[in-house]
Amino acid sequence: MNKQDITLLYKYNQWTTAKILDAASKVTHEQFIAPASFPHGGLRSTLIHALSAEWVWRHRWEGTSLSAHLKPEDFPNVESLGARWVEEEKLLMAFVDNVTDEMLNSRFVYKNFKGTSFEKVLWQVMAHVINHGTQHKTEAAALLTDFGCSPGDIDLVYFLDAM
C-alpha cells in the first residue's frame, strides 16, 4: 500500500460521510434516535459506531490506546454528531497527510479496551477502518432510504466518477 492509495480511500471515506450526514439532516429527531434491528441499532447508534471506530483507531495509530467508544447519549441530534465528525475528519486527514509509505508498511502496537496488546501493519488497519465505515454507512443508508431520505449511491466507483 502507498500514500497515494490510502489518501484516495480516506477522501472516499469523507465523501461517503458527507452524503450520509446530509441525508441524516433531513430525518426527524424521532427517526434519528429510533431503535432498529441492525447490529449497532438505529441511525444514531450506527453512525456513532462508525465515527467512534475512526476516533479509536486514529488514537491507536498516534500511540494512545483508549478505553471506550463514543456514546450515543453524547450526541442528542444530527447536528452534534455532524460537528464532532467534521472535527474528527480534520484530525484523521492530518494523520493521513503525514503518513509515509514506510509508515504504512510498518507494524505498530496498540492495546484494545481490555488492555491486551496487538501488533498490526498500519495500512491493513487503515484499510479496515474504511471497510468498516462502509459497512455501517451502508446500514445507515438503508435506514435513511426507509425514512425517505436516501443518500444515493455511496459506492467507490461513484466517488471516482465524481472526482
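Residues are termed buried when their relative accessible area is under 20%, exposed when it is over 50% and partly exposed in between, with a 1.4 Å probe and protein chains only. Helices (H or I, at least four residues) and strands (E, at least two) are DSSP runs, numbered from the N terminus. By these criteria α3 is mostly covered, with 18 of its 19 residues buried. The structure is a predicted model, in which local features need pLDDT of at least 70 and side-chain atom pairs count only at pLDDT 80 or more, whereas totals for chains, interfaces and linings use all residues. Residues are numbered from 1 along each chain as its sequence is written, and side-chain values use heavy atoms, with hydrogens and water left out.

The protein chain contains seven helices and two strands, arranged from the N terminus in the order α-α-α-α-α-β-β-α-α. For its 163 residues a compact globule would have a radius of gyration near 15 Å, and the value of 16 Å found for the protein chain agrees with this; the radius is taken over C-alpha atoms, and the globule rule is 2.2 Å times the number of residues to the power 0.38. Along the principal axes, the C-alpha atoms of the protein chain fill a box of roughly 45 × 40 × 25 Å. Of the 163 residues, 43% count as buried. Where contact means heavy atoms within 4.5 Å, residues 24 or more positions apart account for 72% of the contacts in the protein chain with a separation of 6 or more.

The accessible surface of the protein chain comes to about 8300 Å², and carbon and sulfur atoms contribute 53% of this area, as computed by the Shrake-Rupley method with a 1.4 Å probe, only the protein chains shown counting as cover for residues. Among the side chains of the protein chain, 15 are positive and 20 negative, and the centres of the two sets lie 6 Å apart. In this count Lys and Arg are positive and Asp and Glu negative, while His and the chain ends are not counted; the place of a charge is taken as NZ of Lys, CZ of Arg, CG of Asp or CD of Glu.

Helix α1, of 22 residues, reaches 31 Å from its first C-alpha to its last, close to the 32 Å expected.

Tyr-12, at 5% relative accessibility, counts as buried; beyond residues up to four places away in sequence, Tyr-12 touches Ile-130, Thr-134, Ile-154, Asp-155, Leu-156 and Phe-159. The C-alpha atoms of Tyr-12 and Phe-32, 20 residues apart along the chain, are separated by 24 Å. In α4, the buried residues include Leu-81, Trp-85, Leu-92, Met-93 and Phe-95, and the buried residues of α4 pack against α1 (3–24), α2 (29–33), α3 (43–61), α5 (101–104) and α6 (122–146).

His-136 is placed in helix α6 and is buried, with a relative accessible area of 3%. When neighbours within four places in sequence are left aside, His-136 is in contact with His-40, Thr-46, His-49 and Ala-50.

In strand β1 (residues 107–111), which holds Arg-107, this residue touches Glu-119, Lys-120 and Val-121, residues up to four places away in sequence not being counted. The C-alpha atoms of Arg-107 and Glu-119, twelve residues apart along the chain, are separated by 6.4 Å. Lys-111, also placed in β1, is partly exposed, with a relative accessible area of 42%, and touches Arg-60, Ser-65, Thr-116 and Ser-117, again not counting residues up to four places away in sequence. Asn-77, found in the loop between α3 and α4, is likewise partly exposed, with a relative accessible area of 26%.

Key. The expected span of a helix is 1.5 Å times one less than its number of residues.
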